[in-house]
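Here are a few notes to read alongside the model. Please keep the structure open as you go through them.

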Amino acid sequence: MRIGEVSRLSGVSARMLRHYDRIGLVQPSERTSSGYRDYGDDDLRRLLQVEALRSLGMPLRQVGNALQDSGATPTDILDRVIAGTVEAIAREQELLRRLRQLRDHEPEHWTDVLHTVALLQRLGSDDASQRQRAALASAEPPIVSALIGAVLTEDDPNVAGALQWALARSADATAISALRDALDAGDGAVRHRAVATLVKIAASQRTDVDPVLRGALSHRDPVIRAGAALALGSRAVPEAADELIAMIVRGDGDVEAAESLGHISRAHPGTIEKRLDAALTTPGDPEARLRLTQALGEIDSEDATRMLQRLVEDPDNRVRLTARYLVSIREH
């Protein structure tokens with residue numbers, strides 16, 4: 001078959017067929033005595049394979065490699081196409097994310113756009129020290145959406161701390177909403193970075209984050225519940241008490257949880273003792289009862305003292321000795 005007939009049968013232009021011949025992708029099996037290309041049936045089949053792979057988005061170089069691999073099955077080739085497509089989508093999504101960040105910043109001049117692009121590049125650097133410097137030197141006002149995206153993916157603790165510091169200075173309602181949404185991410189690491197950032201924002205005396213932390217007290221993830229409870233407890237928010245006691249029972253940050261209970265007790269007298277008493281009288285882990293007894297040392301009230309005096313007679317020797325020590329301190 002001459003090139004014109006192959007073009008008519010395949011729908012591929014003669015110009016493209018000549019290009020395929022030059023790069024060795026689809027070459028005619030024969031040449032006529034006059035030097036014209038003469039394609040056979042096998043050549044046509046190869047051409048149709050090339051066009052099928054190209055229609056799936058595979059670059060010509062990869063098409064050639066795939067067809068040269070005699071051991072590759074159609075499934076193998078499709079897997080390569082799928083992998084390449086996933087990578088391309090990821091690149092496009094990253095580009096879209098950056099474009100939206102730029103647009104959200106509402107730049108007035110191209111210098112603002114260039115500055116934002118430079119910040120995004122530094123935050124995306126493989127060098128942790130560059131990412132940290134970018135966070136610490138963020139603009140005034142900083143590009144909050146860029147900081148949110150960075151803090152949720154950052155695994156270096158020093159860089160994460162710098163990003164959280166920057167957000168604690170500048171997080172707005174949109175940023176807090178984004179962090180709240182990230183608490184329900186499928187990736188546990190992202191959830192934990194989100195709550196750690198919310199806690200850091202709360203530590204800067206920002207009360208607008210409290211509703212999000214209150215909602216997190218009932219989260220399915222114990223790490224998120226614990227972070228929210230400690231942040232709220234440090235500010236004596238009574239709703240955190242139940243989770244703080246649960247943390248002591250679990251042995252999860254029990255020392256910090258006991259200190260937070262002390263803050264709540266001092267600000268809201270009488271709100272803690274009954275809950276601790278109920279936990280102590282519930283049959284369970286002896287280690288948990290010991291930790292609950294130790295937590296009573298942070299509660300400075302007559303009810304807490306009476307509970308300790310009762311525990312002086314407890315059957316568990318460690319609980320008894322701990323209670324006796326705490327009572328002796330109060331008596332002096």
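1. Start with the packing of α10. Its buried residues pack against α8 (144-151), α11 and α12 (210-216). Keep in mind that this is a predicted model.

2. Which residues of helix α10 (residues 173-182) are buried? They are Ala-175, Ile-176, Leu-179 and Ala-182. These residues cover an arc of only 115° around the axis, so they sit on the same side of α10.

3. The face of α10 turned away from its buried side carries two exposed residues, Ala-173 and Thr-174.

4. Next, look at helix α11 (residues 188-203), where Arg-191 lies. Is Arg-191 buried or exposed? Its relative accessible area is 10%, and buried means under 20%, so Arg-191 is buried.

5. What does the side chain of Arg-191 meet? A polar contact of 3.1 Å joins it to the side chain of Asp-221. Leaving aside residues up to four places away in sequence, Arg-191 touches Ala-182, Leu-183, Asp-184, Ala-185 and Gly-186, as well as His-219, Arg-220, Asp-221 and Ile-224. Ala-182, one of these contacts, is also among the buried residues of α10.

6. A word on confidence. The chain has a mean pLDDT of 84, and 92% of its residues reach 70 or more. Confidence is lowest in helix α6 (residues 110-123), at a mean of 67. It is highest in helix α13 (residues 222-233), at 94.

Terms used:
Residues numbered from 1 in each chain as written. Predicted model: local features only at pLDDT ≥ 70, side-chain atom pairs only at ≥ 80, totals over all residues. Heavy atoms only, no water. Helix = DSSP H or I, 4+ residues; strand = E, 2+ residues; numbered from the N terminus. Buried < 20%, exposed > 50% of the residue type's maximum accessible area, 1.4 Å probe, protein only. Polar contact = N/O pair within 3.5 Å; in protein donor to acceptor, adjacent residues only side chain to side chain. Contact = heavy atoms within 4.5 Å. pLDDT = per-residue confidence, 0-100. Arc of directions from axis to C-beta.
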